[in-house]
Amino acid sequence: MPHPWFLKTIDETASETSTEIHAGLSNEVAQQRLLENGLNILQAAKKQPIWLMFVHQLNDALIFVLFGAVAITFFMGEHIDGAIILIVIFINAVLGVFQEVKAGNAIEALKKLASPKALVKRNGHQMEVSSEEIVVGDIVVLDAGRYVPADLRLVESANLKIDEAALTGESVPVEKDAKAMIEDEQAPLGDRLNMAYMSTLVTYGRGMGVVVEVANQTEVGKIATIISQEEKVVTPLEKKLNELGKTLGIIAAAICVVMFGIGYLQGRDLTDMFLTAVSLAVASIPEGLAAIVAIVLSLGVTKMAKQNAIIKKLPAVETLGSVNIVCSDKTGTLTQNKMTVTHYFTFTDGVADTEKKGNISDEASLLVKAMVLNSDATLEDEKSTGDPTEIALLMLADELGMDRNQIHASQPRIDELAFDSNRKMMSTLHQENDNFMVYTKGAVDNLILKCKYVIEQGEIIPFIDTHQVVLMEAIDQMSAQALRTLAVAYKAASSPLAHHDFEEELVFIGVVGMIDPARDEVKDSIKLAKEAGIKTIMITGDHKTTAVAIAKELGIAEESEQAITGTELNQMSIEELEKQVGNYRVFARVSPEHKVNIVKAFQAQSNIVSMTGDGVNDAPSLNAADIGVAMGITGTDVAKNASDMILADDNFSTIISAIEEGRNIYNNIKKSVVFLLSSNLGEVITMLVAIVAGMPVPLLATQLLWINLVTDSLPAIALGMDPGSKDVMKHRPRKANESFFAHGAITNVILGGLSIGAVTIISYWLGFSEYGYSPFDADVPAHILGYARTIAFITIIACQLFYALALRHPQQSIFKVGIFKNKYLIGAIVLGFLLQIVLLEIPFLAQAFKLQPLHLRSWLEIIGLGLFPLVLNEVFKLFKKISK
């Protein structure tokens, strides 16, 4: 395997790319390479045609069950019912395709990152070409404001700084050095000082580099490849519904077989028996389940959008509720992505906190004034340009109430000595009336070598060893808080100075300490998450020291041993990482590949993992996570398109609110599913008992379809809109393998199904007895059979509508929960009864469903019997509470 380009010398790079550093490629060679290797654009995986996406949406167990229902209803001649089910299937599939097409835009967004034009050397001359036409071996010229068009091995650099935050997550531009030799083969992207990478931005200085990788071979290209190859993650809800669909399909098939067997043994007509078995199969399938779950999720999405959590994929709502690991990028997610001076040091003040403004000393005032004058950044109306470090210094002046315009006007710059990576300093010369001042800022270790004096208590005194000890203690104190330090000094002169005199015998003023600070609201959110059994993990491309300091401040980590770097991860196998991943809270200096491996390692330990981020480097891990969360304001298009959810306010605490909402939505979906299954079990028991006992079929297939597709749907949707439980965040997240019927749900299904079935059989019997007949009589008149079926039909609907109230809470009584708290459910019950009255009173509908008008006595019996399953469930809740 060839060595990475950052390990090679400039000459080796030129030789291997067959180029001439000073002249570049000839136009002919460049054209030939373009023809051989293709354009410098990111190639996405071949897109699936829409029709194939549509077919894949239909490859689902529950959908197969619904197709079975369609076949059954068409066979029975009930074409309208069959058409309704087909429409439901079609709408679900179209929605799925729409979401899939939207999610596939990540690669398109990556393509847009490449700069449209690039400055290259060809035939010995500089020329501008489209970045798409750049080839390996091209010599690219870089200057401030340009995006890097491909991966380059730098051959020249002069004060070159490149913002690599989109790739590495590091908030501060990286100072590049073409002459730097990297010896560590595992060096992370942020430490490869002799390289420049596609899609990063030059913020300062200039440089030149040889193109060594283009298109999908670049670091951004590798990310595009990872995204396109990532398999779709199936959410817990989808898994459970798939399992449920398979189970229901098996039950439906088994019922048909059993009924044929019973019919054969009873000597019944096989044609009649087939229609009876079909009716039972219809009764066992909740045809509206897929549509109702989609509706409940859509309602949840609408509610969450109002709370700044924009959901792109419907199942992500439920997944949020089961998340127990939140992996978060540091820069811009947990922090403000804005360098800020938090402390400063002078020999008069010692180490001081910038928040304690008050009256600052003359030395502190001079410190800030010097930093303002020795700066090339701009800051006006919160809009800034230049190095983030210098912008932070301007912000400090504003916070301390200093007039920057007046400072510049009083001491205009007349000369400067630019920063370079050898001196690690920058000096500017200013004139103030007839006097001249040099201000120098730079790395502490380099600057103190140029200082002969210090300013303390307003006096300029010699720089002695005691001062050095005090200064180093102050630097150590700031470093312990992961602050980046920058020192400043000055020198007064009576006449303009030559450059070689700028940085000699300086007076040391002080040091500023800065950091990208944590977001104010994040600490409380992480604490809330911890109480809810959710672990927050920091994954960042930034340095370990900085990451640990922020993690400790936020309560993510307690000690440095809970942090690990990308270099250390490289020494681990995937198996080792999976075993040890739970020991760490901070992953620093990591690459996009590392992020994906970390997410997958947590998933391998049966965790449901959320990943938040905003950069291009976060896209693969956002894609790999159970739910990817992108920042809406600072997030790149790539991150947004690779995610399942976007935070419109970039607020980490919104994730916690979304998790709470997700838990409530899952509980509501569970209520809806339990209700539907209880109702269907009641139908199956009614049919099964009647047939086994030798009675006529109590409910016709058309009546069962009406119940399943219309009547049951109303309360099921209303239960999906139930107000959230206040204590939902006091419980630990659900385990990924937790049964859909855990915590008493299966008891509710069985209890409800048995009681609904029993009550319906009783009402069916009463329908016969009202006219002096029994359901076992051989020659029952058709109108009496129709009347008994009508009573059974209305009774089972009444049972189901009332029973919906019992499912609002698995333990608490409906009186404690509040009967009228869910107005949608009350409305659904009222509307459900009105629909049945419409069926009975409108002649052509009554004829279509073979229903007859009912006496007042029958209505009273129906209401009384209909309340029985609800009362029984409430008594059962009370018994469970007493027995605890």
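Biologist: Why does Ala215 count as buried in this predicted model?

Modeller: Buried means under 20% relative accessible area. Ala215 has a relative accessibility of 12%, and therefore counts as buried. Ala215 is placed in the loop between β7 (201-213) and α8 (219-229).

Biologist: Why is Lys424 called partly exposed?

Modeller: The class of partly exposed residues lies between the buried limit of 20% and the exposed limit of 50%. Lys424 stands at 33% relative accessibility, so it counts as partly exposed. Its place is in the loop between β14 (413-420) and β15 (425-432).

Biologist: How do you know whether Lys176 is buried or exposed?

Modeller: The limit for buried is under 20%. With 2% relative accessibility, Lys176 counts as buried. Lys176 belongs to the loop between β5 (174-175) and β6 (195-196).

Biologist: What makes the pairing of the Lys176 and Glu164 side chains a polar contact?

Modeller: The cut-off is a pair of N or O atoms within 3.5 Å. The side chains of Lys176 and Glu164 are joined at 2.7 Å. The side chain of Lys176 also reaches the backbone oxygen of Arg192, at 3.2 Å. Setting aside neighbours within four places in sequence, the residues in contact with Lys176 include Leu154, Ser157, Leu160, Ile162 and Met195.

Biologist: How do you know that helix α12 is mostly covered?

Modeller: Of the 8 residues in α12 (residues 315-322), 8 are buried. Among them are Pro315, Val317, Glu318 and Leu320.

Biologist: What makes β17 and β18 a pair of strands?

Modeller: Two strands pair if there are at least two bridges between them. Strand β17 (residues 451-456) is joined to strand β18 (residues 459-462) by 4 bridges, and the two run antiparallel. Glu456 has Glu459 in β18 as its bridge partner. The hairpin has 2 residues between the strands, and Gln457 takes a positive phi near 55 degrees there.

Biologist: How do you know in which sense β24 and β25 pair?

Modeller: Strand β24 (residues 609-613) and strand β25 (residues 627-631) share 4 bridges in the parallel sense. Thr612 stands opposite Val629 in β25.

Biologist: What makes β8 and β22 edge strands?

Modeller: The open sheet has 8 strands in the order β8-β26-β25-β24-β9-β21-β23-β22, and its pairing is mixed. Strands β8 (309-311) and β22 (563-565) each pair on one side only, and they are the edge strands. From one strand to the next, the twist averages 20 degrees.

Biologist: Why are α30 and α32 described as roughly antiparallel to each other?

Modeller: Angles over 145 degrees count as roughly antiparallel. The axes of α30 (residues 782-806) and α32 (residues 823-841) cross at roughly 170 degrees and come within 9 Å. The two helices are therefore roughly antiparallel to each other.

Biologist: What makes up the contact of α30 with α32?

Modeller: Its residues divide into 15 nonpolar, 3 polar and no charged. The α30 side includes Phe793, Ile797, Leu801 and Phe802, while the α32 side includes Ile829, Gly832, Phe833 and Leu840.

How values were computed: Residues numbered from 1 in each chain as written. Predicted model: local features only at pLDDT ≥ 70, side-chain atom pairs only at ≥ 80, totals over all residues. Heavy atoms only, no water. Buried < 20%, exposed > 50% of the residue type's maximum accessible area, 1.4 Å probe, protein only. Polar contact = N/O pair within 3.5 Å; in protein donor to acceptor, adjacent residues only side chain to side chain. Contact = heavy atoms within 4.5 Å. Axes fitted to C-alpha atoms, helices over the stretch in contact; angles between N-to-C directions. Parallel < 35°, antiparallel > 145°, perpendicular 65-115°, else oblique. Nonpolar A, V, L, I, M, F, W, Y, C, P; charged D, E, K, R; others polar.
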